[in-house]
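Keep the structure in view as you read.

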Amino acid sequence: MKPLKFVSKSYEDTLAFSARLVRELRRADVVCLYGELGAGKTAFVKGLVKGLKMDPLKVHSPTFTLMNIYKGKIPLYHFDLYRIKADDLFGLGYEEYFYGAGITAIEWSERLEHLLPKVFWKIELRHAGEDERHILISVEGDTLQERFDAFVKDSHS
Ligand SMILES: Nc1ncnc2c1ncn2[C@@H]1O[C@H](COP(=O)(O)OP(=O)(O)OP(=O)(O)O)[C@@H](O)[C@H]1O
Ligand SMILES: [Mg+2]
């Protein structure tokens, strides 16, 4: 499946893009974020939160906890697995959140290894200059295909 590519020219562009994506998201959706340090993963989560009508200033990577919860009409569970190994995650109860009552966004999803869900929105962010980022979006799992196609169509109109 061909990913959708979005060229972000600024931090604000990235927030606007993810705020638009969140309109296609529903409770129990998982968003896996990939990209090196400073690629814009947290910025992307801020846009999701903004799109859910919450204050993006509330968004900070969970450093000393596994996860932050932003409580809106639909809650957002924000994981940052930078310092985590898949085996350390086991037994922490993260599964209650994935596919739970809210939307889950995970920075450093590569750390999930064998715990990677089967169905998720995949977001890859790449540096392309000081303020430019290339954002590739695709889905894993047939059940998201229809909503992905709707998002692609919407992006082109
Ligand atoms: N087009 C852009 N989109 C997103 N961020 C941008 C863009 N241009 C510049 N930036 C800057 O890049 C940085 C992105 O930081 P952010 O914390 O979102 O990255 P991250 O991928 O979460 O990094 P980390 O791996 O450290 O968690 C911010 O300082 C932001 O202002
Ligand atoms: Mg981050």
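Contact means heavy atoms within 4.5 Å. The model is predicted.

**Residue D29**

- D29 lies in the loop between α1 and β2, the latter spanning residues 30-34.
- Is D29 buried or exposed? Its relative accessibility is 7%, so D29 counts as buried; the cut-off for buried is under 20%.
- Setting aside residues up to four places away in sequence, D29 touches E24, G102, I103, T104, W121, L144 and R147.
- One of these neighbours, R147, also makes a polar contact: the side chains of D29 and R147 are joined at 2.8 Å.
- The side chain of D29 has a polar atom 3.0 Å from the backbone nitrogen of R26.

**Helices α1 and α4**

- Helix α1 covers residues 11-21, and helix α4 covers residues 145-156.
- The two helices pack at an angle of about 135°. Their axes are 11 Å apart.
- That angle makes α1 oblique to α4, because angles over 145 degrees would count as roughly antiparallel and 65 to 115 as roughly perpendicular.
- The crossing of α1 past α4 is right-handed.
- Which residues make the contact? From α1 come F17, R20 and L21; from α4 come F151, D154 and S155.
- By type, the residues of this contact are three nonpolar, one polar and two charged.

Conventions: Residues numbered from 1 in each chain as written. Chains lettered and ligands numbered in written order. Predicted model: local features only at pLDDT ≥ 70, side-chain atom pairs only at ≥ 80, totals over all residues. Heavy atoms only, no water. Axes fitted to C-alpha atoms, helices over the stretch in contact; angles between N-to-C directions. Helix = DSSP H or I, 4+ residues; strand = E, 2+ residues; numbered from the N terminus. Parallel < 35°, antiparallel > 145°, perpendicular 65-115°, else oblique. Left-handed = near helix turned anticlockwise from the far one by under 90°. Nonpolar A, V, L, I, M, F, W, Y, C, P; charged D, E, K, R; others polar. Buried < 20%, exposed > 50% of the residue type's maximum accessible area, 1.4 Å probe, protein only. Polar contact = N/O pair within 3.5 Å; in protein donor to acceptor, adjacent residues only side chain to side chain.
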